[in-house]
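Please go through the structure shown here with the paragraphs that follow.

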Amino acid sequence: MTRELFREDSYLKTSGAVVTECGDAFVRLDQTIFYPLGGGQPGDTGTFTWDGETARVVNTRYVDGDIAHVFEEGVTLPPVGTTVELEIDWERRYRHMRMHTAMHLLGSVLQYGVTGGNISAEKSRLDFDMEDAIDKETVGTALTELVAGDHSVSCRWISEEELDANPELVRTMSVQPPRGKGAIRLLDIEGIDLQPCGGTHLRSTSEVGAVRIGKVEKKGRHNRRVNIHLDD
Ligand SMILES: [Zn+2]
């Protein structure tokens, strides 16, 4: 299995790695900084460089349970055993991190069940299981305050045994952790949100920056879709 460096440090922009599998337009590595599509967040893009060659990674996703770096058909790929230099498209990823962290804040403002969501560098959305009307201005102001509050964001791993020993912790979580998979990764936005999440986040809410509530759409009687945008 690929060592997932992006879960240990989401700010890694470059890294070295060794090719462990070279398939038809995809490559697997011993370790990677490329985030694979999941949890509504897109897979990373970027470049591999080795022996004077460069190849563009056009997507990253799980294939057969492990991370595959995806390339255009016909591109020259590094053979197994090659040491490659990795670089992700940081500007795009950083926007995903800002959006992703903003989504957690939005979920803490609107405390309803989340039924869906999608993140992109341009706009993101969360779907809430709710019938009430949403006052865009109130929600926007609350979101801006949480960003300006500069709350620290951290992740930690916790075992199921530790969770069982701390029912209080489980009660405070906004989303219940999956069971039967061993260790669980917890996202903790100090005093604001605590929930299992495997995504890439910022170090502090202030890095979200200029965020704005976009269209609020009524998608059925029990579903409100809230779009958000970054204004820079
Ligand atoms: Zn998250």
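Helices (H or I, at least four residues) and strands (E, at least two) are DSSP runs, numbered from the N terminus. This is a predicted model, in which local features need pLDDT of at least 70 and side-chain atom pairs count only at pLDDT 80 or more, while totals for chains, interfaces and linings use all residues. Residues are numbered from 1 along each chain as its sequence is written, and side-chain values use heavy atoms, with hydrogens and water left out.

The buried residues of α3 are Val139, Gly140, Leu143, Leu146 and Val147. Seen down the axis of α3, these buried residues fall within an arc of 125 degrees, so they line one face of the helix; the arc is that of the directions from the helix axis to the C-beta atoms. Glu137, Glu145 and Ala148 are exposed on the other side of α3. Here buried means under 20% relative accessible area, exposed over 50%, and partly exposed in between (1.4 Å probe, protein chains only). The buried residues of α3 pack against α2 and β15 (211–218), where contact means heavy atoms within 4.5 Å.

Ser108 belongs to helix α2 (residues 90–109). Ser108 counts as buried because its relative accessible area is 14%. Not counting residues up to four places away in sequence, Ser108 touches Leu146 and Ile192. A polar atom of the Ser108 side chain lies 2.8 Å from the backbone oxygen of Leu105.

Leaving aside neighbours within four places in sequence, Val211 is in contact with Ala102, Leu143, Val147, Ile228, His229 and Leu230.

Strand β13 (residues 184–189) is largely enclosed by the rest of the structure, because five of its six residues are buried. Strand β12 (residues 153–158) runs antiparallel to β13 and is joined to it by six bridges; two strands pair if DSSP finds at least two bridges between them. Ile184 in β13 is the bridge partner of Ile158. β13 also pairs in the antiparallel sense with strand β14 (residues 193–196), over four bridges, and Asp188 stands opposite Leu194 in β14. β13 and β14 form a hairpin with three residues between them, and Gly191 in the turn has a positive phi of about 75 degrees.

Two residues other than glycine also have positive phi values. Asp150, in the loop between α3 and β12, has a phi near 55 degrees. Asp150 counts as partly exposed, at 45% relative accessibility. Ala25, in the loop between β2 (14–22) and β3 (26–29), has a phi near 70 degrees. Ala25 counts as buried, at 11% relative accessibility.

Methods. A polar contact is a pair of N or O atoms within 3.5 Å; within protein, one must be able to donate a hydrogen and the other to accept it, and residues adjacent in sequence count only if both atoms are side-chain atoms.
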